[in-house]
Amino acid sequence: MGAGGSGDEDRDQDRDRDDVLHAVSSAVLAVTRHLSVREVLQVIVRSARRLLDARYAALGVPDDDGAFAEFVADGITDEQWEAIGPMPRQHGMLGAMLREGAPVRLPDIRRDARFEYWPRAHPVLKDFLGVPIRDGDRVLGIVFLSNKRTRGGFTEADQRLLTLFAAHAAIALTNARLYERSRELALAEERTRMARELHDAVTQKLFSLRLTAQAANSLLDRDPGRARRELERVERMAGEALAELREVIVELRPADLDRHGLAETLRKHVRLLDRLHPAAFSFEEAPGCEFEPAAGAAVLRVAQEALHNAARHAEARTVTVRLGCEGDRLVLEVRDDGRGFDVAAAAGRGLGIASMSERAGALGGDVRVTSRPDAGTLVRMEVPA
């Protein structure tokens with residue numbers, strides 16, 4: 001009996017290892033397909049849920065501000081995720097696991113002293129298994145499962161299996177981050193090269209503009225006709241220089257936009273402004289909106305311009321950014337309750353209204369600025385999605 005039991009246990013362990021290797025291979029392949037870190041996280045959490053036959057699974061990667069830089073879940077619908085609300089902060093059981101860096105296995109998480117609360121729309125979790133994803137002594141994140149479909153909840157064998165999976169997932173996650181970092185460095189090198197070329201081109205254009213303007217000035221009294229032609233040349237060269245600048249700037253997509261996408265980049269930017277300014281900055285997103293990369297870059301630039309104006313000039317108490325789709329249009333709104341201004345009289349005040357309109361117009365869209373003194377300001381941008 002003892003020998004037979006030992007053989008069964010060995011076969012179970014071999015099967016567990018095979019299951020882990022199969023699940024991990026999905027995460028590793030996600031890296032080799034050059035997917036983003038977030039996509040790799042989604043593969044990891046989906047593989048973990050299937051590996052241990054849990055109803056719910058999630059994975060959180062902490063940031064330095066008491067929240068999570070990334071948080072993905074599997075087993076809930078997009079509608080449920082939207083109803084739950086913002087990403088969790090490092091409180092309750094999640095915070096305890098990050099601090100303690102040790103696995104947690106519970107028959108009912110609600111009865112543990114470290115449990116605090118869930119948002120109202122959060123699914124009810126009972127049996128719980130959480131394991132840190134570690135790189136040496138550093139906790140990269142936590143993966144946790146809940147509501148095992150098999151009766152009896154999670155076992156000690158499940159905990160060993162998830163711990164083994166987490167060790168391999170750490171390698172996949174680290175490799176994904178290294179890949180993204182190398183990509184960012186390549187982008188930075190390309191931007192440096194373009195900046196050098198831009199500097200040379202602009203220097204040459206400005207030098208030519210200066211010489212031509214000086215020639216026109218010297219001809220004003222003795223040959224007005226020729227002076228006029230030289231000034232027309234100045235105007236033409238200035239237009240060419242502006243076109244070259246725009247062409248290069250369009251290529252300089254923000255690194256965060258490539259890594260995180262428009263919504264997450266905007267959310268992080270708004271969060272930063274909220275910390276730096278006395279006004280309350282907030283971000284609202286209608287999920288499930290798809291659009292072309294060029295539209296995302298233009299919307300980000302317009303949002304940054306509008307937020308800069310609100311932070312510097314509006315004296316607002318609240319500033320709200322909304323992003324979503326209306327039909328086949330990508331829509332951005334930046335609204336503040338500040339002192340407002342006369343839009344018609346603001347064209348020459350350096351508020352960037354013309355440049356915002358040009359960015360939208362280049363994509364077949366438009367920007368409308370609505371404001372009145374003491375009545376706040378709304379910047380609304382619409383471009384084809």
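A nonpolar core, as I use it, is a set of buried Ala, Val, Leu, Ile, Met, Phe, Trp, Tyr and Cys residues joined through side-chain atoms within 4.5 Å. Buried is under 20% relative accessible area, with a 1.4 Å probe and protein chains only.

Ground rules: this is a predicted model, where local features need pLDDT of at least 70 and side-chain atom pairs count only at pLDDT 80 or more, while totals for chains, interfaces and linings use all residues. Numbering starts from 1 along each chain, and side-chain values use heavy atoms, without hydrogens or water.

Entry 1, the core. I looked up the largest nonpolar core: of its 36 residues, Leu-332 and Met-381 touch the most other members. Helix 9 (293-314) is among the elements that supply at least two residues each; helices here are DSSP runs of H or I, at least four residues, and strands are E runs of at least two, numbered from the N terminus. Helix 9 gives the largest share, 11 residues. A separate core has 28 residues, including Val-40 and Ala-176.

Entry 2, Leu-332. I listed its contacts (heavy atoms within 4.5 Å), leaving out residues up to four places away in sequence: among them are Leu-266, Val-299, Val-321 and Met-381.

I found an open sheet of five strands in the order 6-7-8-10-9, with mixed pairing; a pair needs at least two DSSP bridges. Strands 6 and 9 are at the edges with a single partner strand each, so one side of each has no neighbour in the sheet. Strands 8 and 10 run antiparallel, joined by eight bridges, and Leu-332 stands opposite Met-381 in strand 10.

Conventions: Buried means under 20% relative accessible area, exposed over 50%, partly exposed in between (1.4 Å probe, protein chains only).
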